[in-house]
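Hi everyone, thanks for making time.

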Amino acid sequence: MTFNVNYSEENSLIAQLSGDLDINVVDDFKEDILNRIDGSKDIVLDLKDLDYIDSTGLGVVMTIYKIALEKGRNLKVKNAKRNIYKLFKITELDEILGMEE
């Protein structure tokens with residue numbers, strides 16, 4: 001998996017993910033994102049190029065969500081492919097995260 005993290009004009013932290021978010025990469029991804037979260041930026045996970053996510057990937061998304069809430073920030077997950085969105089829907093995380101199909 002690769003990820004590119006940058007800041008948008010809306011002062012949000014945007015992580016564009018590609019490849020697989022699985023047990024092999026979640027620790028690096030989590031560390032990078034958590035080091036960048038502060039009290040002034042919302043977080044956007046752009047899953048447009050993400051092909052696969054496993055339970056550890058879902059877990060790290062929920063960890064990021066929880067920490068963002070604790071800091072008074074929002075987490076938005078967008079552009080999930082159908083197979084990825086289906087997993088979020090099955091686990092009902094789509095409702096928690098306010099994802100749109």
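Predicted model: local features only at pLDDT ≥ 70, side-chain atom pairs only at ≥ 80, totals over all residues.

Is Gly 72 buried or exposed? Its relative accessible area is 53%, so Gly 72 counts as exposed. You'll find Gly 72 in the loop between α2 and β4, the strand at 75-78. Gly 72 follows α2 and has a positive phi, near 75 degrees.

Okay, back up to the helix itself, α2. It has 16 residues, and at 1.5 Å a residue they should span 22 Å; the end C-alpha atoms are 23 Å apart, which agrees. Which residues of α2 are buried? They are Gly 57, Leu 58, Val 60, Val 61, Ile 64, Tyr 65 and Ala 68. These cover an arc of only 160 degrees around the axis, so they sit on the same side of α2. Here's the general point behind that: an α-helix has 3.6 residues a turn, so residues three or four places apart point the same way. Turned away from the buried side of α2, you get the exposed residues Ser 55, Lys 66 and Glu 70.

So what do the buried residues of α2 pack against? Their partners are β2, α1, β3, β4, α3 and α4.

Now α3, residues 82-90. Its buried residues are Ile 84, Tyr 85 and Phe 88. They cover an arc of only 95 degrees, which puts them on the same side of α3. The face turned away from them carries exposed Arg 82, Lys 86 and Ile 90. The buried residues of α3 pack against β3, α2 and α4. After α3 comes Glu 92, with a positive phi near 65 degrees.

Last stop, the core. The largest nonpolar core has 28 residues, and among those touching the most other members are Val 61 and Phe 88. At least two residues each come from β2, α1, β3, α2, β4, α3 and α4. Which element gives the largest share? That's α2, with six residues.

That's my tour, thanks!

Note on methods:
Residues numbered from 1 in each chain as written. Heavy atoms only, no water. Buried < 20%, exposed > 50% of the residue type's maximum accessible area, 1.4 Å probe, protein only. Helix = DSSP H or I, 4+ residues; strand = E, 2+ residues; numbered from the N terminus. Arc of directions from axis to C-beta. Contact = heavy atoms within 4.5 Å. Core = buried A, V, L, I, M, F, W, Y, C linked by side-chain atoms within 4.5 Å. Expected span 1.5 Å × (residues − 1).
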